[in-house]
Amino acid sequence: MRIGVLTGGGDCAGLNAAIRAVVRMAGHELDRNVVGYKRGWNGVLDGDSITLDTEAMRGTLPRGGTMLGTSRSSRRLQSVGTAPLIAQLERDDVEALVTIGGDGTLITAGRLSEAGFPVVAVPKTIDNDVSGTDICIGFDTALGVATEAVDRLHTTAESHNRIMVLEVMGREAGHIAAGAGIAGGAAAILVPEAPFSLDEIAERLEARHHRSRNASIVVVAEGAIPDGSVEIPDTGTDEWGNRILDGMGQFVGEQLAERTGFDTRTTVLGYIQRGGPPSPADRLLGSRLGARAVEVLMEGQSGAMVGVHSVGIALKPLAEVAGRTRYLSQDQLEMLDLISTAPVLTSHSKSRRWF
Ligand code: F6P
């Protein structure tokens, strides 16, 4: 089986780890190189691809962005359908595709699968809002950047006795705002899922400042919206009818300054959240999901997304946990064996009972 791989939608950190894992698994298990399509679905439509083998992936693991390039190609795809995609994949001798992307990429992957082409999807987006997985590639790195920003704003806010508003990404869902706000100890966290009252936030900040807290951090997801009590500036809609997100952080900062009279500053974190080297967690996640996607195809399954589940909190009786060690699982050991250059599972360790 020859596999193709592409990255679609907005870039993020950890994409190269996923591509690398796909390539290493395909090389190791199928003894085949991989066709890497450039600029997302556009690369498939234009027949623009490169051959990827282990050598081609050298040095990519710690690098942010995507070595294949990416694009948002929904308009073009809508007008041409899946037939030209399948025709090009067949011309390239590609029998199965791994797509690494967010919702837009998943929609096209689903259409391709419905048309009978084997596809397995890998979820990525810093917004962490893909359904069917607890975590997406890119989120952990973005969360780290946003949390560091909150920490940095704290010290300058305290020095000047200011309200500091930080706008972070999060169009439909507030995972970055919630994560960085909680991790950084923000006084208020505004997310798209819960319309906020500026009056209530202002009251809360005033109360804080009267209790001699001399600074407050307010984290605002770009897609957060106030309740109906204030009119928000009309930023217009894009070609798909979605609200253009522009300046909610600034708006919140101005409104809070007006209501409280406190000295207020706004920072928009923007694309810094998407760029730069991936965190170790994103490298691991990309590696695990990319490797699993190839395994799934080899098992003859497709039309599905690989995701991570159960990162929730569980209660375990002390009698079950005390004095026991949690080893790497068999799956993890096998993946280590496949993804690293030197074999990890020797005949000795294969026969040893770890569990
Ligand atoms: O990748 C998701 C996201 O980061 C959103 O939070 C943001 O609104 C959007 O991408 C911006 O994307 P671009 O400007 O690259 O189209």
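Trainee: How far apart do the C-alpha centres of domain 1 and domain 2 lie?
Mentor: They lie 30 Å apart. Bear in mind that this is a predicted model, where local features need pLDDT of at least 70 and side-chain atom pairs count only at pLDDT 80 or more, while totals for chains, interfaces and linings use all residues. Residues are numbered from 1 along each chain as its sequence is written, and side-chain values use heavy atoms, with hydrogens and water left out.

Trainee: OK, so which residues belong to domain 1 and which to domain 2?
Mentor: Domain 1 covers 3–138 + 278–321, and domain 2 covers 141–274 + 328–339. Those bounds come from an automatic or database domain assignment.

Trainee: And how many residues of each domain are in contact with the other?
Mentor: On the domain 1 side 25 residues are in contact with 17 residues of domain 2. Contact means heavy atoms within 4.5 Å.

Trainee: Let's do sheets. What is the order of the six strands in the open sheet?
Mentor: The order is E3-E2-E1-E4-E5-E10, with mixed pairing. Strand E3 (49–52) and strand E10 (304–305) each have a single partner strand, so one side of each is left without a neighbour in the sheet. Strands (E, at least two residues) and helices (H or I, at least four) are DSSP runs numbered from the N terminus, and two strands pair if DSSP finds at least two bridges between them.

Trainee: In what sense do E1 and E2 pair?
Mentor: Strand E1 (residues 3–7) and strand E2 (residues 34–37) are parallel, over two bridges. Look for Gly4, which stands opposite Val35 in E2.

Trainee: Which strands does helix H5 lie across?
Mentor: H5 (residues 103–114) lies across E1, strand E4 (96–101), strand E5 (119–123) and E10, at about 160° to E4. Helix H10 (residues 280–298) lies across E1, E4 and E5, and runs at about 165° to E5. The angles run from 0 to 180 degrees between N-to-C directions of lines fitted to C-alpha atoms, for helices over the stretch in contact.

Trainee: What about the open sheet of four strands, what order does it have?
Mentor: That one goes E7-E8-E6-E9, with parallel pairing. Its edge strands are strand E7 (188–190) and strand E9 (264–268), each pairing on one side only. From one strand to the next, the twist averages 15°. Helix H6 (residues 139–160) packs on this sheet, touching E6, strand E8 (216–221) and E9, and its direction makes about 165° with that of E6. Helix H9 (residues 248–260) lies across E6, E7, E8 and E9, at about 160° to E6.

Trainee: Over how many bridges do E6 and E9 pair?
Mentor: Five, in the parallel sense. Val165 stands opposite Thr266 in E9.

Trainee: Switching to pockets: what volume does the largest pocket have?
Mentor: About 1500 Å³. Of the 47 residues lining this pocket, Gly10, Arg72, Gly104, Arg171 and Asn242 are the closest to its centre. A pocket here is an open set of points on a 1 Å grid over the protein atoms alone, where a 1.4 Å probe fits, with protein on both sides within 12 Å along at least five of seven lines; lining residues have an atom within 4 Å of a point. Volume is the space filled by probe spheres set on the points.

Trainee: Which element gives the most to the lining of the largest pocket?
Mentor: H5 does, with six residues.

Trainee: Where does the largest pocket lie?
Mentor: Domain 1 and domain 2 both give residues to the lining, so the largest pocket lies between them.

Trainee: And how much space lies in the second largest pocket?
Mentor: About 350 Å³. Its lining has 14 residues, and Arg288, Arg292, Glu295, Asp331 and Met335 lie nearest the centre. H10 provides the largest share of that lining, five residues. Domain 1 and domain 2 each supply at least three residues of the lining of the second largest pocket.
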